[in-house]
Every structure is written in structure tokens, then in C-alpha cells.
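Visitor: I have a two-chain model open and would like to go through the contacts. Can we start with the interface?

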Amino acid sequence: MSIFEYNGSAVVAMVGKNCFAIASDRRLGVNLQTIATDFQRIYKIHEKLYIGLSGLATDAQTLYQRLVFRHKLYQLREERNMKPETFASLVSAILYEKRFGPFFCQPVIAGLGDDNKPFICTMDCIGAKELAKDFVVSGTASESLYGACESMYKPDMEPDELFETISQALLASVDRDCLSGWGGHVLVVTPTEVQERTLKGRMD
Amino acid sequence: MGDSQYSFSLTTFSPSGKLVQIEHALMAVGSGQTSLGIKAANGVVIATEKKLPSILVDETSVQKIQLMTTNIGVVYSGMGPDSRVLIRKSRKQAQQYYRLYKEAIPVTQLVRETAAVMQEFTQSGGVRPFGVSLLVAGYDDNGPQLYQVDPSGSYFSWKASAMGKNVSNAKTFLEKRYTDDMELDDAVHTAILTLKEGFEGQISGKNIEIGIIGADRKFRVLTPAEIDDYLAEVE
């Protein structure tokens, strides 16, 4: 079994009208055994920037700690928050530093730029960035997620509709993947507020 | 590196609390050719005298005003070779920033890192402080900016400043002439007039250098022909 499938994960981000949504599953497993059903995969970097990390959980946690460290120093030095594009370049550089002994995670980055324009991107475990205008997925359930998002997504959705769409896409996809599931965690971010919701799906 | 006698830092404190080597470095700056900078509402101009030691020197090969990045330029007063080392290091730092963040380095950050290098050389063994003060002119998301960096590593943001010989006259002149809503062209004229104040001999496009950056965020050094045009306007 691949190292990326050791813990199981599903992360997805979608762009809406002046907003974005990022969602993940909540299962943490060790191969076939479920260890936790409330595992957090999406982390906040600042008010308008979030990163979801799928893959090996220990690497996800360590990588997150390093990124927060870098961002805090950046904030102190430059007296401003990092733009999402800048943060994505930083993550890519940090991942490539470990090219021959990588972090086994695939980040999904979602944020609102200076003009509140939504930005999403994903990258592989060694930092190859992939920008998208509609949605990005990662994790063990990624193939199902691609299919679900492709059929359910439409551009310029309002926050409420975006929430419904991303939740349905996530739950449908993790149901087809034995290693991810046990509910969902969805954040919808607009320029004025952040709505965090927990989903109850098939608890298996 | 050397004998134990010489491996302590040359910048050890004097009983009065001063670092004598830095004071001497500032003297080296103070006897260098005059340079100045003016921040306008829509850009920055920096200028310097370009007095060459002999008429046989090919003045087209000498360029005192240099780019640190496409939107940040720099001029110095003091020892030319020292400035080249600093500019080289700063250019590298700017590119390292870009490689990491894929974003152009903000002027403040570059100035801070350059100043950190200069400070390093006041607290290490076997080295001496840099014998230059730099005037850094740039335009970024925070608008036009002008910074002076001293051999000690301290940096200041200025609306208008001068360094080198004749600095007190130049600063008095600038204090009188500076207005907050100056446009870039006015600033260039004021810069030329300020240089003219202490200039020995006939001023022309061949013995001064002017660099400007406007809202287009592209720093460029004016050609001698362009400088002659501005000189004609000033007459």
C-alpha cells in the first residue's frame, strides 16, 4: 500500500462568486483501522487564506507548523499578510527543498486575494503547482472527487449554493473510498465572514 | 585568519561609547562626490556628480547609478568598489526573494537586508565597515520611496536627502525647495539645481548622472542627451 494511502484523506476547494469553499473529510486511519473521526486537515494561515493538507498525517502536521512559522515571520517583517499566490509559491519552494526525501502530502491552497478575488491551487508532494479556476481536489478519494466536482460544479455560485455543492461532492466521493469519510468539515469564506460547518455523512 | 592580536573586531567601542571605525567610514562618505535624492508625488529621482579624474577617461564606461532590481535603483557617495560589493549582494538577495515568493521584493525589505549586511561588517572579525552611504530609490505597492543606508547599517526614509561633499548646503537648499506635491519632472529640476549649487566648473550631461523611477515602476538612468534637455529647461 502506498504511503499516501496510509492515513486516508479527502480535500477539495471550489471557487464561487467572490468567495471560496474548502472541505475535507474527518477520518484518520492507520491502514484499515479507524483511529480518529474528528481529524482536522484544513488549517488557517490568516483570515483570508486556508490550506488543506492530504496524505500522510504526520507530514501534514509538520508541514503546517513550518508554514505557519514562515508566515508569522513574514507578517512581522513585512507588516502585512501574504497574498495567496505568494503563499502558494512559498509552499512550492518548501516542498521542492525536500525533493529527494519529500513530505508525503498534497496541499490544497485556497484564499482571497487583495481585491477579494478567490484563488485556489493544488500541488503534488514536490511542489508542482496547479492553478485552477473552478475546483481542486486531493487525497485518496481524489478520483471520485474529480468526477463529482466536474458534474456538480458551476461557476459564480453564491456562498450558500457553493456550500451545498461542495458538501454533496465531498460526501458522494468519500462514500466510494474506504479510507476517507466519517463526516466532513466545510469552510465557506467570503470577504466579510467565514462559515465553518461539520457534515454528518455515512459514518464509516 | 590572522594573529590573535588582529582577530578581534576593528569596531570595538571607545570609552565615549562610539565606534570609531564607523565614524571614520562616515568621513570617507563625507569626502565623496555629492549625491542626492528627491521623492516626488509620482516617483523618485536620484542624482550624483560624475567628476572623472582626467579628461582621458571614457565617461560612457562609468556608471555610478545602478539598478538593484527593475524597480529599485541606487546611488552612492564614498568608495566606489565598496558600493559594487553591496549592490552585488543586494541584487542576489532580491532574486532570492523572488525565487521564494515569485513576487518582487518590497523596497523596505531590500533596504533592510542591505543594511543588515552593512551592520554585519561592523561586528565581525577581520573586516572593516563599508565606506559608502547608499541612496536607494524605488517604487512598489507602497508608492515611491527613498531610503538612505549608512556604513553603520542604520537606514532612514527621506523625502529628500543629500550625501557626500557639500551635504549641508545641499540639504538646506532642498529644505527650502521641497514640496510634498512635487511632480517627478519638478523633482528632476530641483535635483539639478541642487547639484549646480556646489558644482565646480561647467555642469553638463556628461559630468552628472540622474536616475528616475515613475509610476511605470521601471528605474532608468537618463542619457546625457536627456540630461542636457533638462539642463536647458532649468537655465
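Visitor: How many salt bridges are there between chain B and chain A?
Guide: The count between chain B and chain A is three. Keep in mind that this is a predicted model.

Visitor: What area is buried between chain B and chain A?
Guide: About 930 Å², and carbon and sulfur atoms give 43% of that. On the chain B side, Leu100(B), Tyr101(B) and Glu103(B) supply 59% of the area that chain B buries against chain A, more than any other three residues.

Visitor: Which residue forms a salt bridge with Glu103(B)?
Guide: Arg80(A) does, and the closest N and O atoms of the pair are 2.9 Å apart.

Visitor: Buried or exposed, what is Glu103(B)?
Guide: Glu103(B) has 12% relative accessibility, so it counts as buried, the cut-off being under 20%. Arg80(A), at 27% relative accessibility, counts as partly exposed.

Visitor: What about polar contacts, how many residue pairs are there across the interface?
Guide: The rule finds four residue pairs in polar contact between chain B and chain A, with both residues at pLDDT 80 or more.

Visitor: Zooming out, how many salt bridges does the structure hold over all chains?
Guide: The structure holds 15 salt bridges over all chains. As for the pair already mentioned, Arg80(A) lies in the loop between α1 (57-78) and α2 (84-97) of chain A, and Glu103(B) in the loop between α2 and α3 of chain B, so the pair joins two chains.

Visitor: Now within chain B. What does Arg128(B) form a salt bridge with?
Guide: With Asp82(B), the closest N and O atoms being 2.8 Å apart. Arg128(B) lies in the loop between α3 and β5 (132-140) of chain B, while Asp82(B) is in helix α2 of chain B, so the pair ties together parts that are 46 residues apart in sequence.

Visitor: Is either end of it buried, or what are the relative accessible areas?
Guide: Asp82(B) is buried, with a relative accessible area of 7%. Arg128(B) is partly exposed, with a relative accessible area of 39%.

Visitor: Where do Lys196(B) and Glu235(B) meet, and at what N to O distance?
Guide: Their side chains meet in a salt bridge at 3.4 Å, N to O. Lys196(B) lies in helix α5 (residues 184-197) of chain B and Glu235(B) in the segment after α6 (224-234) of chain B, so the pair ties together parts that are 39 residues apart in sequence. Lys196(B) is partly exposed at 31% relative accessibility, and Glu235(B) is exposed at 64%.

Visitor: Which residues do salt bridges that share partners join into one network?
Guide: They are Glu78(A), Arg80(A), Lys83(A), Asp114(A), Glu103(B), Asp141(B) and Arg217(B).

Visitor: Last topic, confidence. What does chain B average in pLDDT?
Guide: Chain B averages a pLDDT of 92, and 97% of the residues score at least 70. The model scores ipTM 0.87 and pTM 0.90.

Terms used. Residues are numbered from 1 along each chain as its sequence is written. Chains are lettered from A and ligands numbered from 1 in the order in which they are written. Side-chain values use heavy atoms; hydrogens and water are left out. Buried area is the accessible area (1.4 Å probe) that two parts lose on being put together, summed over both. A salt bridge is a side-chain nitrogen of Lys or Arg within 4 Å of a carboxyl oxygen of Asp or Glu. A polar contact is a pair of N or O atoms within 3.5 Å; within protein, one must be able to donate a hydrogen and the other to accept it, and residues adjacent in sequence count only if both atoms are side-chain atoms. pLDDT is the predictor's confidence in each residue, from 0 to 100. Helices (H or I, at least four residues) and strands (E, at least two) are DSSP runs, numbered from the N terminus. Buried means under 20% relative accessible area, exposed over 50%, partly exposed in between (1.4 Å probe, protein chains only).
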